[in-house]
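Please examine the model shown here, beginning with the ligand and its surroundings and then turning to the chain as a whole.

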Amino acid sequence: MFDKVLIANRGEIALRIQRACREMGISTVAVHSTADENAMHVRLADEAVCIGPPAATESYLNKHAILSAATITGADAIHPGYGFLSENAEFAAMVEEHGFTFIGPSPQHIREMGDKITAKQVVMEAGIPVVPGSSGAVRTAEEAGKIAAEIGYPVIIKATAGGGGRGMRVANSPDELATELQNASREAKSVFGNPDCYLEKYLGHPRHIEIQVLADNHGNAVHLGERDCSLQRRHQKVLEESPSPALNAEQREEIGQVVATAIKKIGYRSAGTIEFLFEDGKFYFIEMNTRLQVEHPITEMVCGIDIVREMIRVSSGAPLDFAQEDIKFQGHSIECRINAENPETFVPCPGKIGEYHAPGGLGIRVDSALYSGYTVPPHYDSMISKLIVHAATRNECLMRLRRALSEYVIEGLDTTIPLHQKLMAEPVFQNGDYDIHWLEKFVGK
Ligand code: MV4
């Protein structure tokens with residue numbers, strides 16, 4: 001096992017990884033920008049190295065600065081967290097070339113899944129159901145027209161280098177197709193440096209359901225059930241829950257089996273997430289995330305597995321010490337993402353925290369790097385806390401969440417706590433009867 005791990009991230013996820021390390025007897029190295037000198041992840045680490053100025057491109061995305069910090073502190077491994085360099089295949093390769101262990105998948109798997117056309121081909125060959133569409137890049141209007149006629153309108157055009165909703169266009173009819181393909185391709189080239197686009201049948205009212213997996217270097221792979229992430233605004237998740245209110249036990253079991261088998265076949269290692277659209281009882285793969293995700297705690301709450309600990313263990317070469325049949329799912333968990341934003345306009349609201357009091361009690365988990373007197377810097381993501389609740393049933397979970405939200409005091413800046421309170425009172429949410437478009441309409445009215 002490693003003696004020392006460098007955590008190439010900030011905020012709550014840096015703390016989350018430090019906590020796993022400490023419980024494993026591993027010492028931690030924090031890296032930070034000059035804007036984060038007083039951040040909690042710096043205060044709580046065993047060692048800290050300043051890696052650059054506030055702009056992420058000069059600090060948390062600065063590969064050489066991070067590798068230098070690992071060298072001077074004598075770290076054995078680097079955990080990238082989420083965002084920043086977590087899905088950068090070049091960085092993962094550099095980490096290994098410098099003699100450190102990258103706590104994540106192989107550079108090759110990151111690269112494959114980063115190219116969305118390749119990802120679809122790879123998982124399809126491994127037996128995962130995908131959205132009907134083009135088998136590769138679509139370069140001409142004629143080619144696009146043929147495929148669209150086969151799969152039927154509306155179709156969606158996506159950039160192969162995109163993902164997470166960037167660079168997508170919908171064409172409702174043949175006359176929209178050529179211009180939308182041109183627009184999508186031009187945008188893909190300027191934003192991602194790769195003009196290649198592919199075509200899919202556009203699903204009108206799906207849910208977003210993702211399956212968490214864990215795999216080791218010894219051919220073992222398990223699934224940890226699903227998360228329903230349909231409640232999003234502008235491709236930013238707002239609230240996630242596990243299990244999904246839309247699945248029955250049989251559907252859950254079946255998709256989990258298919259995914260775990262495929263992950264084994266692909267030879268994947270580490271934690272990963274397979275994203276699906278779910279419509280009319282059927283699953284359609286869209287993307288795979290090769291990182292630890294923001295919403296991983298709800299999976300931990302329902303299956304009792306420390307995902308970060310397992311990531312560290314398998315990357316050090318240890319085998320998973322449980323099999324699929326050992327994993328038991330218990331109760332229901334919901335995560336509310338709390339952002340430093342105006343709850344109506346969603347305009348970011350960085351600033352100094354006054355009074356701070358986090359909720360507690362049975363079934364409550366708060367993953368956050370906030371403290372009273374801390375100043376939330378304006379340079380990074382506005383998510384400042386994750387409130388995670390676990391209870392025996394979905395209804396009890398909602399009651400507990402309502403109670404926890406009412407206890408939470410964050411003074412000095414606007415947060416999205418009132419938005420979550422409004423959501424708790426909404427029958428559509430209470431009934432679990434929402435799709436990927438519902439929240440945007442809800443917050444718009
Ligand atoms: C789709 C789709 C409908 N049909 N693909 C958006 C994020 C990216 N990961 C994939 N996305 C979508 N792909 C087909 N074939 C609708 C979306 C989509 C969406 C997906 C998940 C959660 C929220 C969403 C909001 C708008 C569009």
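**The ligand and its surroundings**

In this predicted model, a backbone N or O atom of Leu 203 lies 3.0 Å from a nitrogen atom of the ligand. An N or O atom in the side chain of Lys 158 is 2.9 Å from a nitrogen atom of the ligand, and for the side chain of Glu 287 the corresponding distance from an N or O atom to a ligand nitrogen is 3.0 Å. Of the 520 Å² of accessible area that the ligand has on its own, the protein covers 94%.

The surrounding shell can be described by its residues and by the elements that supply them. The ligand is surrounded by 18 residues, and Lys 158, Glu 200, Lys 201, Leu 203 and Glu 287 are the closest. By class, the shell comprises 8 nonpolar, 5 polar and 5 charged residues. Two or more shell residues come from each of the strands β6 (155-163), β8 (197-201), β12 (270-279) and β13 (282-289). The ligand lies between domain 2 (132-201) and domain 3 (207-443), because both domains give residues to the shell around it.

The chain as a whole provides the setting for this site. Its secondary structure comes to 15 helices and 20 strands. The C-alpha trace spans about 60 × 50 × 45 Å along its principal axes. The radius of gyration of the protein chain is 22 Å, which agrees with the value near 22 Å for a compact globule with 445 residues. Of these 445 residues, 57% count as buried.

Key:
Residues numbered from 1 in each chain as written. Predicted model: local features only at pLDDT ≥ 70, side-chain atom pairs only at ≥ 80, totals over all residues. Heavy atoms only, no water. Near = heavy atom within 4 Å. Polar contact = N/O pair within 3.5 Å; in protein donor to acceptor, adjacent residues only side chain to side chain. Areas by Shrake-Rupley, 256 points an atom, 1.4 Å probe, with all protein chains shown as cover. Helix = DSSP H or I, 4+ residues; strand = E, 2+ residues; numbered from the N terminus. Nonpolar A, V, L, I, M, F, W, Y, C, P; charged D, E, K, R; others polar. Domains from an automatic or database assignment. Rg over C-alpha atoms; globule rule 2.2 N^0.38 Å. Buried < 20%, exposed > 50% of the residue type's maximum accessible area, 1.4 Å probe, protein only.
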